Structures are given as structure tokens and as C-alpha cells.
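Here's a quick walk through some local features of this protein. Have a look at the model first, then read on.

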Amino acid sequence: MDQPIPERLRPEEGLTRVEAVMAAIEARISGRALSPGAKLPSIRGLAESMGVSKSTVVEAYDRLLAQGSIVSRPGSGFYVASRAQPLCLASIGPRLDREVDPLWIARQSLEAGAAMLKPGCGWLPPDWMPDADLRRALRQVGRERGSGLTDYDAPQGLPPLRQHLALRLSERGIPAHPDQIVLTDSTTQALDLIGRFLLDPGDTVLVDDPCYFNFHALLRAHRVKVVGVPFGAGGPDLAALEQTLAAHRPRFYLTNSGLHNPTGASLTPAAVHRVLKLAEAHDTLIVEDDVYADFETEPGPRLAGFDGLERVIHIGGFSKTLSAAARIGVIALRPDWVERLVDLKLAVSLSSGRLNAALIHRFLADGHYRHHLDAIRARLAEARGRAVARLTEAGLSVPLVPKAGMFVWAKLPEGLDAAAISRRALARGVVLAPGNVFSLSQGAADHLRFNVAQCADPRVFSELERAMAGGGPADRNGSSRSAPISTRGIGDEV
């Protein structure tokens with residue numbers, strides 16, 4: 001059966017019409033919207049639908065045949081080659097400028113040298129982290145007999161650390177026995193493992209709009225349909241959440257209930273209760289990413305605490321507060337799912353990092369972590385006050401000033417575009433985080449997320465003001481971009 005035929009072609013700047021037709025098809029193949037063996041539209045049908053000549057389609061198909069992307073079956077038509085191309089996440093969903101693409105922002109921040117300013121990144125500066133204490137803890141781990149420095153870890157993860165984590169979760173009102181905790185190599189791996197555990201291609205997952213941008217990329221990798229729910233200072237729009245749950249019957253809802261990324265909001269007890277009631281009424285699970293919990297000065301309400309880990313899977317970690325070089329992820333879930341999740345963990349990774357787990361356990365157990373958190377919270381409070389004041393002076397507004405954490409969600413003056421500003425700032429050595437990379441609906445073009453811990457250098461704000469004064473949206477060459485190719489209809493997007 002022929003795949004659906006796309007809308008009329010709108011070529012991007014710099015591409016011929018033949019190249020634009022090829023790019024439209026290749027993007028769908030790379031994004032797995034066209035699977036191996038799928039039949040392509042006929043030459044006549046594709047030409048009529050895309051508004052090009054038949055000779056243009058013939059040449060495009062000839063080139064795709066020559067490079068092995070498609071095959072021809074005489075008397076039958078054209079088909080996607082049987083060997084699938086490697087997955088290309090950039091080809092799934094709307095095409096974005098790489099300078100404002102969420103994966104690009106993460107890569108640019110990670111690759112940036114010491115001279116680059118990173119108010120758009122998602123971690124604390126290195127000099128805020130307890131380097132000397134971590135070295136001391138590492139030496140202690142190395143001296144311990146039976147530390148298993150060369151061994152695989154236990155299937156669920158290091159038992160002493162899981163026992164300590166169970167106590168920490170109970171302090172936040174989350175009743176998790178050590179046997180309900182599974183350790184992974186990071187919170188991102190924990191989310192990926194949960195995706196493998198719960199999702200099938202074509203399922204629906206709800207996320208906040210806006211939400212942490214890597215949720216979008218990770219879920220696209222699982223080839224599911226991602227639906228956004230408006231999220232503001234009070235949490236998710238509960239009426240919209242109820243309507244979306246009823247309309248889409250999602251497998252789960254992925255959210256931060258405390259110190260939400262990017263808005264900094266935290267749910268009230270009433271909102272937590274209402275979200276759980278809606279999830280129960282529509283038989284939907286909740287995955288609660290709580291990686292920012294330790295920034296709180298007072299523990300706030302958590303979905304997993306109210307729910308008792310019946311319908312909620314709780315995820316955490318220490319990469320934001322302790323070390324991104326010694327990462328672990330923490331999953332707390334209902335007892336009857338643990339064995340099956342551990343089997344899946346063994347299948348895809350065999351074991352999590354024992355050395356990292358031992359290091360983090362030592363650091364938590366000797367009391368240094370609590371003192372470290374006290375210092376970090378105080379520094380963040382001071383940095384938040386300074387950053388909000390400077391943003392206000394620059395003409396931005398901050399409708400919600402979070403009580404804790406590193407993020408501030410700021411709104412630009414009317415008429416300014418965050419992506420254009422970010423491109424101009426990047427050219428001057430500043431990595432910003434424009435709002436639409438967090439927004440599935442692309443409804444946050446006038447917002448930027450700021451990491452207050454990365455805003456100490458006055459150049460952050462002088463370069464921001466310079467970029468804001470630079471005019472309207474422009475591409476990396478300074479010229480306005482034409483509309484992207486419409487590829488809707490050549491397979492279904494996820």
C-alpha cells in the first residue's frame with residue numbers, strides 16, 4: 001500500500017527542487033516514519049502532491065536508488081530499502097535550526113571551553129562542586145577491603161546505597177523499601193529503562209509544555225506519540241490535563257512535581273492530589289523525575305509520596321548536586337515490577353557502575369553531603385536574587401521566582417524572539433536556552449531559561465542586552481529563513 005502523499009513542496013533556501021524532494025523522503029526514512037519495505041508514492045502521485053514536475057520526482061528517485069536508500073521493483077513501484085538507516089533523532093518531529101535544537105544546546109554546552117559563558121546549561125559551575133571531599137571519599141573507597149572495585153554490581157545496585165536511599169526517600173514521605181529501589185548509571189538511563197519497560201511504538205506519553213527538552217528527544221527515540229499539557233506557575237493546567245487524558249489514553253505522564261524544569265514551579269498538595277485522582281480515573285501511570293529534589297530547603301509534596309508508589313514511578317539522582325562524572329540513577333517503584341525491570345536492566349546494560357555507587361554511598365554516609373547541600377542552597381538563593389534583578393533591569397519579566405533550585409523562566413519584552421537572540425548571543429560566546437526547545441507546541445518563543453548559578457559573570461547580561469538589541473529573527477548568516485519543507489504525509493510523525 002502506498003504511503004500517504006505529502007503536501008506541496010516548499011523548498012528550503014540553498015536546495016534545488018530535486019534535492020528538496022530527496023531531503024523530504026530521506027528525513028522520513030532516517031526518522032523511521034518510513035520503515036524498511038514501505039512503498040513510496042508513485043511518480044505521478046508524488047509530483048502532483050508536492051507541486052513539482054514528474055521529471056523532478058524521477059531524478060530524485062534515481063538519486064535515491066543510486067545511494068541505496070530506496071529500491072525499484074519493476075511493475076510494482078518504489079520501496080524503502082530493506083536495510084534500515086541508523087536512527088536520526090533530528091529527523092523525527094519538526095525540523096529546527098541546529099543552533100536552537102535541544103540536542104545541539106546540550107552538545108554545545110558540554111563541548112564549550114572555559115571562555116564560553118553557559119547561562120543556558122543545566123548544571124552547577126565546577127567550583128561549586130565538592131571536589132576535595134569527593135577525592136577524599138574516593139580514597140576511602142579504594143582503601144576498603146571487599147569494595148569490589150573490579151566487580152560487576154548486584155543486579156539491583158549496591159545494597160548499602162539502596163538502604164541509605166530508602167531512608168532519604170522516607171524523609172520526603174515516599175515509602176520505598178530498599179528492595180523497591182533499582183540503581184542505574186544515570187537518571188537519563190533510568191528514564192530510558194522505564195521507557196523500554198512500559199512503552200511500545202505508537203503509544204502516547206504526556207509531558208508538560210514546557211518541559212525538560214531531553215524528554216522530547218528520549219521519547220522520540222522510543223517512537224511514541226508525545227502530547228503536551230500546558231504547565232504554569234501552579235503546575236499543569238488541570239482542565240487541560242483531564243481533557244488530554246480522556247482524549248489520548250496515554251501510557252504515562254512524565255513530569256517534575258518539584259522544582260520543575262524549566263519553570264522552577266512546585267506543585268501544591270492540592271494539585272498533587274488532583275493529578276493523582278485524574279491519573280487513577282483514566283488508568284494512567286505517572287513517571288516523576290525528581291532529580292532536583294535536594295535543592296529544596298524544605299521537602300515539598302511528591303506524587304510518589306501521596307500515591308505510595310502504586311501508580312507513580314519515582315526517579316532521582318545526584319548529577320546536579322554532587323558529580324556529573326560519577327553519575328547514578330535511582331528508580332523507586334512498586335514491588336511486583338522490580339524483578340521484571342531488573343531483568344530488562346540486565347539485558348540492556350548487565351550492571352550499573354559499582355565504583356560510582358560506592359563513591360556516592362561513602363559521600364552520603366559520612367555526612368559531607370548534607371553540609372555541601374546547605375552551602376549550595378545558600379549560594380543559589382543569593383545567585384537567584386542577583387539574576388532576577390539583572391534580568392528585570394534588562395527588560396525581561398520573571399512571573400514566578402522559584403523558592404529554590406537553579407532555574408529561572410524569564411519572558412522577553414514583546415516582539416523579541418528567543419531563538420534569534422540565542423543565535424546572536426552564541427556568536428559572542430554565550431550559550432542561552434530559548435523557550436521553544438522546551439515547548440512541544442512551540443508556544444514559548446518569547447521565553448528563555450536561565451541557570452542562576454551560571455550568571456555570575458556580568459558579560460552574561462551585557463551580551464544578552466546586546467543580542468536583544470540586534471533586531472528580529474535571523475539565521476546564522478543573518479538572513480531570514482524560508483519556511484521548512486513540509487514532509488507531513490510521507491509516513492506518520494511521532
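Helix H7 (residues 187-198) packs with helix H8 (residues 213-221) at an angle of about 40°, their axes being 10 Å apart. H7 brings Thr-188, Leu-191 and Asp-192 to the contact, and H8 brings Asn-214, Phe-215 and Leu-218; contact here means heavy atoms within 4.5 Å.

A note on the source: this is a predicted model, where local features need pLDDT of at least 70, side-chain atom pairs count only at pLDDT 80 or more, and totals for chains, interfaces and linings use all residues. Numbering starts from 1 along each chain as its sequence is written, and side-chain values use heavy atoms, with hydrogens and water left out.

Now for H16 (residues 459-468): Val-460, Phe-461, Glu-463, Leu-464, Ala-467 and Met-468 are buried there (under 20% relative accessible area; exposed is over 50%, partly exposed in between, with a 1.4 Å probe and protein chains only). These residues sit on the same side of H16, because their arc around the axis is only 165°. They pack against helix H14 (368-393), helix H15 (418-427) and strand E13 (447-451).

| Cis bond | Omega |
|---|---|
| Asp-209 to Pro-210 | about 10° |
| Asn-261 to Pro-262 | near 20° |

Pro-210 is in the loop between strand E4 (204-209) and H8. The loop between strand E7 (252-255) and helix H10 (269-281) holds Pro-262, and Leu-259 lies in the loop between E7 and H10. Leu-259 has a positive phi near 50° despite not being glycine, and counts as buried at 6% relative accessibility.

Conventions: Axes are lines fitted to C-alpha atoms, for helices over the stretch in contact, and angles run from 0 to 180 degrees between N-to-C directions. Helices (H or I, at least four residues) and strands (E, at least two) are DSSP runs, numbered from the N terminus. The arc is that of the directions from the helix axis to the C-beta atoms.
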